[in-house]
Amino acid sequence: MLGTYIKGFSKLTKAEKIDWLANNYFENPEEGKALLQNYWHADAKTQKLHDEFIENTLTNYYLPFGVAPNFKIDDEIFTLPMAIEESSVVAAAAKSASFWFNRGGFKTEIIGTKKVGHVHFVYYGDSNKLWEFINEIKNKFYEDTADITENMRKRGGGIQDIMLIDKTFEEPNYYQLKATFETVDSMGANFINTCLEQFSQTLQREIQTSDRFTEEEKQIQIIMCILSNYTPECLVRAEVSCPIEELATDDVSAEEFVQKFERAVHVARIEPYRATTHNKGIMNGIDAVVIATGNDFRAIEAACHTYAARSGQYRSLTDCEVKDGVFRFWIEVPLALGTVGGLTKLHPVVKLAHEMLGRPSAKKLMGMVAASGLAQNFGALRALVTTGIQKGHMKMHLLNVLNQLGATEEEKQQMVAYFKDKVPHYNEIVKGYNDLKNA
Ligand code: MEV
């Protein structure tokens with residue numbers, strides 16, 4: 001069996017943790033230790049900051065931070081920061097952004113900014129009685145959280161609504177206290193969860209001190225208090241449009257392009273196998289900006305995929321329409337983002353990302369992220385229905401393969417020139433490189 005149990009690992013110093021890991025798991029402990037240490041930041045203070053983001057930090061894990069310029073969004077021009085490892089994503093985003101730059105750019109609309117959370121609980125009693133009671137004591141929930149919500153209210157946010165949801169038809173005696181929140185420029189997870197935990201205490205206290213309930217009814221059981229990462233009412237739409245004739249490519253006519261593009265989007269609306277890959281491409285663009293701006297990409301991923309399945313079938317997040325000679329292509333996605341709090345003031349590169357975006361509000365960032373997802377999807381579909389995806393992808397991937405083969409800078413330049421007008425497949429790159437070496 002590989003591995004060994006250790007008690008109290010988190011209490012060890014960083015050096016002790018690295019020693020333990022290297023001695024137990026690395027084939028060459030000294031090399032492994034040196035590698036971990038080489039990835040430390042040269043400035044000890046910056047490294048300490050990273051160490052303290054999570055528990056048991058040993059080193060840093062670098063992702064490339066690139067930028068995609070020329071995003072015209074609601075008539076402003078942005079250079080979007082993107083943190084991602086996949087070779088062709090930034091190139092595709094930048095290409096789409098340039099393409100739409102002279103065709104009006106991206107237009108965005110915030111459809112809503114509501115977030116929700118639930119106190120999940122069990123109550124053994126008459127649901128009408130509970131219903132009336134919750135409505136009567138609603139103010140108590142607001143009063144008991146007044147201190148917690150004070151700053152948020154000053155910024156224009158707070159608790160918007162609290163309601164009882166009867167779920168007993170799905171799970172015996174199961175109810176929810178569903179609360180709706182406006183968290184303005186913060187993602188708001190801690191704020192929402194703190195409010196919900198207070199609601200659960202208020203609920204228990206009020207029921208237990210009321211003479212309206214029997215002893216059995218007073219024994220409500222709080223199962224959990226937690227925000228929902230599904231935010232269908234924290235929703236943004238981004239759209240591009242242009243006359244059909246502006247869509248001709250070197251390879252196909254405008255009419256053929258539009259016809260195939262429309263069909264490709266339709267396939268992703270009706271076929272979950274394709275929808276998954278289609279949306280994966282959208283998430284390439286969304287996640288990269290979400291990560292670069294210090295937001296929680298797992299939350300965004302979870303919300304987008306649930307939203308994509310809201311009809312009961314998993315479908316494309318984008319859609320398109322061709323009408324009166326105009327092509328319109330749009331995305332609608334739930335994006336619960338923050339531009340204050342979390343990593344936004346802590347991570348030095350994240351801070352810079354916000355600065356280059358003009359320190360946007362959460363709403364503005366929602367528009368940018370949606371535009372990035374739409375741009376990515378446009379780029380992918382454009383390639384798929386014309387040249388095929390491998391041309392652009394392998395071109396960008398070429399350097400990765402050459403790096404794997406240990407090519408020098410000069411060799412890389414020669415190989416890039418050699419494959420300039422070709423779609424390089426892996427075996428061809430290896431062969432071409434070996435030929436070059438043996439020449
Ligand atoms: C690759 O990361 C993403 C694509 O597969 C997306 C798509 O097929 O639409 C190119």
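The space taken by the ligand is the second largest pocket, where a pocket is an open set of points on a 1 Å grid over the protein atoms alone, with protein on both sides within 12 Å along at least five of seven lines, and a molecule sits in it if more than half of its atoms lie within 2 Å of its grid points. This is a predicted model, in which local features need pLDDT of at least 70, side-chain atom pairs count only at pLDDT 80 or more, and totals for chains, interfaces and linings use all residues. Residues are numbered from 1 along each chain as its sequence is written, and side-chain values use heavy atoms, with hydrogens and water left out.

**Ligand shell**

- Polar side-chain atoms lie at 2.5 Å for glutamate 86, 2.8 Å for arginine 274 and 2.9 Å for asparagine 284, each from an oxygen atom of the ligand.
- Of the 300 Å² of accessible area that the ligand has on its own, the protein covers 82% (Shrake-Rupley method, 1.4 Å probe).

**The ligand's pocket**
- The second largest pocket has a volume of about 840 Å³, the space filled by probe spheres set on the grid points.
- Its lining comprises 35 residues, each with an atom within 4 Å of a point, and Ala380 and Ile389 are among the closest to its centre.
- The largest share of that lining, eight residues, comes from α13.

How values were computed. A polar contact is a pair of N or O atoms within 3.5 Å; within protein, one must be able to donate a hydrogen and the other to accept it, and residues adjacent in sequence count only if both atoms are side-chain atoms. On a 1 Å grid over the protein atoms alone, a cavity is a set of points where a 1.4 Å probe fits but cannot get out, and a pocket is an open set with protein on both sides within 12 Å along at least five of seven lines; lining residues have an atom within 4 Å of a point. Helices (H or I, at least four residues) and strands (E, at least two) are DSSP runs, numbered from the N terminus.
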